[in-house]
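Colleague: I have a few questions about the words used for this model. Could you take me through them?

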Amino acid sequence: MSEQYFVHESAFVDEGAVIGEGTHIWHFSHVMRDARIGRRCNLGQNVFVASGVVLGDNVKVQNNVSLYSGTVVEDDVFLGPSCVFTNVSNPRSAVSRQHLFEQTLVRRGATVGANATVVCGVEIGKHALIGAGAVVTRSVRPYALVLGVPATQVAWMSRHGHRLENPDAEGIFTCPESGLRYREIDPAVLRCLDLDDDDPLPADLTRGKAPYPKRKSPR
């Protein structure tokens, strides 16, 4: 264990892996050589990170997630429990495609929900949210909320993870938790009016203040 990062005694970090300062790697996880993990990341129990995988800073990887070669994850991404990534679209045991791994790019601030599956070769846009159990087969727009099988966009989401609804007369959406404002600059593109997509959240907005409103109704 390095003084700069923590590795549980049951976890394995292969020689040649690069681990950033302040990162925690928990029980039964395995990080292979040539993987690169940024600062202040947290890898839960039974996480596998293959050679060539890149994680940015402040990435949260929950239990039972495997990240295979070809996966690139930017800063501030949340990967929910048991979500699945692939790296070959047409795998066959009898046909080697290790030289043909397809890249999957998860952009800054995105969330992949529990048990979601991300089929390789797609890009998940900045601050997008993939709902639990969704199957992503095509790229996802920044700030999009996608649900279902196959995953389909059903709304826009704020950086704090709230649906953006009821725009004002000027077409401006306001996040109910943060107060940050958003606007569609065309039907397929949403922008935050108060922060650049790559700007970190101000310190006073990094602690949650409101739970997500329940939308579950009895059948």
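Modeller: Start with a definition. Buried means under 20% relative accessible area, exposed means over 50%, and partly exposed is in between (1.4 Å probe, protein chains only). One caution: this is a predicted model, where local features need pLDDT of at least 70, side-chain atom pairs count only at pLDDT 80 or more, and totals for chains, interfaces and linings use all residues. Residues are numbered from 1 along each chain as its sequence is written, and side-chain values use heavy atoms, with hydrogens and water left out.

Colleague: Why is W26 called partly exposed?

Modeller: W26 has a relative accessible area of 29%.

Colleague: What makes V65 count as buried?

Modeller: The relative accessibility of V65 is 0%. Buried means under 20%, so V65 is buried. V65 touches residues including F48, L79 and P81, not counting residues up to four places away in sequence. Touching here is contact: heavy atoms within 4.5 Å.

Colleague: Where does V65 lie?

Modeller: V65 is in the loop between strand 10 (60–61) and strand 11 (66–67). Strands are DSSP runs (E, at least two residues), as helices are (H or I, at least four), and both are numbered from the N terminus.

Colleague: How many aromatic pairs does the structure hold?

Modeller: Three. Rings of Phe, Tyr and Trp (its six-membered ring) pair if their centres lie within 6.5 Å; planes under 30 degrees apart count as stacked, over 60 as edge-to-face and the rest as tilted.

Colleague: Why is the pair of F6 and W26 called tilted?

Modeller: The ring centres of F6 and W26 are 4.8 Å apart, and their planes stand at 50°, so the pair is tilted.

Colleague: What makes the pair of Y143 and Y182 edge-to-face?

Modeller: The planes of Y143 and Y182 stand at 70°, with the centres 5.5 Å apart, so this pair is edge-to-face. The two residues are 39 apart in the chain. Y143 and Y182 are buried.

Colleague: How do you know that strand 23 and strand 24 pair?

Modeller: Two strands pair if DSSP finds at least two bridges between them. Three bridges join strand 23 to strand 24, so the pairing holds. F173 stands opposite Y182 in strand 24.

Colleague: Why do strand 23 and strand 25 stand at the edges?

Modeller: The open sheet has three strands in the order 23-24-25. Strand 23 (172–174) and strand 25 (189–192) each have a single partner strand, so one side of each is left without a neighbour in the sheet.
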